Every structure is written in C-alpha cells, then in structure tokens.
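Let me put the structure up and then jot down what I looked up.

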Amino acid sequence: GEDILNSLSEDVSICLYRVLQELLINITRHAGTRLAYIRFNANEDQVKMIVQDEGKGFDVPVRINELVVDGHFGLMGAQEFLDVVNGTFKVESNPGKGATIESVIPLIREADVNGVHYDYRR
C-alpha cells in the first residue's frame with residue numbers, strides 16, 4: 001500500500017494529517033502516556049489509519065458528540081474531518097486499557113495527465 005499512500009489526493013492527505021493531529025493531541029492531554037502506535041493500510045478501495053495508545057483509556061459514549069458536553073472536542077473534530085471525505089471513525093477503549101481509533105476513507109483510483117492518484121469516494 002505504500003505506492004497508494006504516496007499517491008493520495010490532497011484532500012485525503014490533509015484529512016489524515018488533521019485526524020492524526022487531533023488524536024495525538026488527545027493522547028498527550030488525556031491518555032497519561034506519550035507513546036502511540038500508528039499504522040496505515042491502503043489498497044485501491046480504502047486507506048485505513050489506526051492509532052493506538054496504552055494509556056488510561058475511557059468509557060466510549062454511544063455517540064462521540066456526547067464527549068463535547070464534558071468539553072472534550074478532539075474526537076468530535078476528528079469525526080468531522082472524516083465526514084468531509086465520506087470516512088468512518090471507530091473508537092474502542094475501556095478504562096485502564098488504552099484506546100484504539102480506526103479511521104477509514106473509501107478511495108477511488110483516478111488518472112489524469114499528472115498520473116494516477118487516489119481520491120475519496122464521493
């Protein structure tokens with residue numbers, strides 16, 4: 001998937017960057033650890049980013065926007081970035097067990113005079 005990762009559209013690349021930025025800020029502020037594992041998987045149908053920490057974890061609400069009530073905007077912001085590119089967001093965590101956040105963006109292969117690139121599926 002490295003060739004695909006290197007050929008992502010600007011919209012997809014910026015989205016992944018912003019989501020990763022939000023998640024790393026959350027880890028720094030809330031997880032009680034500075035260690036995070038980041039994995040990317042890509043094929044012609046999707047790009048997946050998995051961010052995992054071994055921090056203190058939390059109870060995941062039914063809806064991510066419920067965190068906003070307590071002043072936690074990071075995960076909601078990450079979800080909003082993904083919404084723009086028709087991406088999905090999955091959060092798994094339990095107190096004392098860290099957190100794993102999976103972001104998936106569906107891709108479509110496009111070719112033009114500049115070569116092949118992968119954009120989000122509209």
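**Strand pairing**

I started with D53, whose bridge partner in β4 is A99. A note before I go on: this is a predicted model, where local features need pLDDT of at least 70, side-chain atom pairs count only at pLDDT 80 or more, and totals for chains, interfaces and linings use all residues. Residues are numbered from 1 along each chain as its sequence is written, and side-chain values use heavy atoms, with hydrogens and water left out.

I then looked up the strands behind that bridge. Strand β2 (residues 46-53) pairs with strand β4 (residues 99-112) in the antiparallel sense, over 8 bridges. For my own reference, strands are DSSP runs of E with at least two residues, numbered from the N terminus, and two of them pair if DSSP finds at least two bridges between them.

Next I checked β3 (residues 88-93), which runs antiparallel to β4 with 6 bridges joining them. In this pairing I found K90 opposite E102 of β4. β3 and β4 form a hairpin with 5 residues between them, and G96 in the turn has a positive phi of about 80°.

β4 is also joined to β5 (residues 115-120), again by 6 bridges and antiparallel. Here L107 stands opposite Y120 of β5. This hairpin, β4 to β5, has 2 residues between its strands.

**Around β5**

What lies over the face of Y120? I found R122 there, at 4.2 Å from the ring centre. My rule for a charge over a ring is NZ of Lys or CZ of Arg within 6 Å of the ring centre and within 35 degrees of the ring normal.

I also looked at G115, found in strand β5. G115 counts as partly exposed because its relative accessibility is 29%; buried means under 20% relative accessible area, exposed over 50%, and partly exposed is in between (1.4 Å probe, protein chains only). I compared its place with L82: G115 and L82 are 33 residues apart in sequence and 25 Å apart in space, C-alpha to C-alpha.

L24, I38 and F40 make a nonpolar surface patch of about 220 Å². My patch rule takes residues with over 30% relative accessible area and no salt bridge, with nonpolar side chains (Val, Leu, Ile, Met, Phe, Trp, Tyr) joined within 5 Å and like charges within 9 Å. A salt bridge here is a side-chain nitrogen of Lys or Arg within 4 Å of a carboxyl oxygen of Asp or Glu.

I38 sits in strand β1 (residues 36-42). I38 counts as partly exposed, because its relative accessibility is 36%.

Conventions
Helices (H or I, at least four residues) and strands (E, at least two) are DSSP runs, numbered from the N terminus. Accessible areas come from the Shrake-Rupley method with a 1.4 Å probe; for residues, only the protein chains shown count as cover.
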